[in-house]
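Welcome! Here is a short briefing to read alongside the structure. Please take a look at it first, then follow the points below.

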Amino acid sequence: MPGGRDVAAVDGVSFDLAAGECLALVGESGCGKSVLASALLGLLPANAMVRGGARLAPDGPDLLTADQATLSRTVRGRRLGLIPQSPSAHLTPVRTVRSQLEETVREITGVRRSGLRAAGERAAERAAFPLDHLDRHPHQLSGGLAQRAATALALVGDAPLLIADEPTTGLDRDLVDRTVDELRRHVDDGRALLVITHDLAAAERIADRVAVMYAGRIVELTGADAFFGDPGPRHPYAAGLLDALPERAFTPIPGMPPELDALPAGCAFAPRCPAATEACGAPPTPTGGVACHHPREAARA
Ligand SMILES: Nc1ncnc2c1ncn2[C@@H]1O[C@H](COP(=O)(O)OP(=O)(O)OP(=O)(O)O)[C@@H](O)[C@H]1O
Ligand code: NI
């Protein structure tokens, strides 16, 4: 932070993700979703402090401590793919989309020169990137096209774990559905997907489980069917997110998330929580997937 203060942008987060499973990470802007993704990819700024561990396999290297050479040679793109939140920042500005796709295909899959053009075009098609735009440079692309170019690049490696940070931003609804279906295919082929999204409709369509983040912590982690259906979310913040949807109650959560350098001593959501009690002055211990002193029971029956 400016002025040399430290903030805990992500704190106490723990989850696992199996092959063939999609976990959706949801929560309001600024709650720490992208910082968590960057930590897993070793892409945090050099002055960031990270504690804990993260492994792709029980015998694999710890992603949080692995050196950059190992990460870029053996992990990123091959075992861990990323669809970044700001695709234009991750595309190389001076090269066409075609040349970036072909290079990635060649490096990761070893396709030979004679087959590269066709393989690059197949990669573009997976992300619905129009072939007649392949010879453009990133600055000649709309936000939605840059998003699809980044998605095409990330899908090339068919990595066992794909992290997609807001993969549907800037896309029309039918392209959202197409992208979501392509990502779901990645999961149904036996790979894992961590999808970060504001779009709860997309999360409902794709996820097996849902993790809700608030002020740097996971406040609820549960099955998608239970979350979106019956009995519904148990954490009041998670319930508030769903109630804010136009197709549900369309009632926003009052107030704003706290500043990370001025978190309340107890439950960070208590100042906005309709059900807060004195107990909420102490931090809640996550129990049964919910970090709340007064989780909702099966209230929607
Ligand atoms: N390099 C940094 N230095 C200081 N604070 C940072 C840094 N990077 C992120 N933050 C802070 O960490 C918090 C979490 O940011 P993050 O980008 O992870 O949010 P997010 O949940 O991905 O939000 P969005 O939905 O808008 O993408 C924010 O409050 C942000 O200001
Ligand atoms: Ni983000």
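The protein has an average pLDDT of 93, and 98% of its residues score at least 70; pLDDT is the predictor's confidence in each residue, from 0 to 100. This is a predicted model, in which local features need pLDDT of at least 70 and side-chain atom pairs count only at pLDDT 80 or more, while totals for chains, interfaces and linings use all residues. Residues are numbered from 1 along each chain as its sequence is written, with chains lettered from A and ligands numbered from 1 in the order in which they are written. The model's scores are ipTM 0.95 and pTM 0.94.

**Around the ligand**
- Ligand 1 is surrounded by 15 residues, the closest being A9, S29, K33, S34 and V35; a residue is near a molecule if its C-beta atom, placed from the backbone, lies within 6 Å of it.
- This shell is made up of 7 nonpolar, 7 polar and 1 charged residues, where Ala, Val, Leu, Ile, Met, Phe, Trp, Tyr, Cys and Pro count as nonpolar, Asp, Glu, Lys and Arg as charged, and the others, Gly among them, as polar.

**Helix α4 with helix α6**
- Helix α4 (residues 97-109) and helix α6 (residues 143-155) have axes that come within 9 Å and cross at roughly 15°.
- Helices here are DSSP runs (H or I, at least four residues), numbered from the N terminus, and axes are lines fitted to C-alpha atoms over the stretch in contact, with angles from 0 to 180 degrees between N-to-C directions.
- α4 and α6 are therefore roughly parallel to each other, a term for angles under 35 degrees.
- V97, Q100, L101 and T104 of α4 meet A149, A152 and L153 of α6; contact puts C-beta atoms, placed from the backbone, within 7 Å.
- The residues of this contact comprise 5 nonpolar, 2 polar and no charged.

**Helix α4 with helix α5**
- α4 packs with helix α5 (residues 113-126) at an angle of about 105°, their axes 9 Å apart.
- That makes the two helices roughly perpendicular, the term for 65 to 115 degrees.
- From α4, R98, L101, E102, V105 and R106 make the contact, and from α5, L116, A119, G120, A123 and A124.
- By class, these residues are 6 nonpolar, 1 polar and 3 charged.

**Backbone details in loops**
- A cis peptide bond runs from D230 to P231, with omega near 10°.
- P231 sits in the loop between α9 (224-228) and α10 (236-243).
- A128, in the loop between α5 and α6, has a phi near 55°, a positive value in a residue other than glycine.

Note on methods:
Parallel < 35°, antiparallel > 145°, perpendicular 65-115°, else oblique. Contact = placed C-beta atoms within 7 Å.
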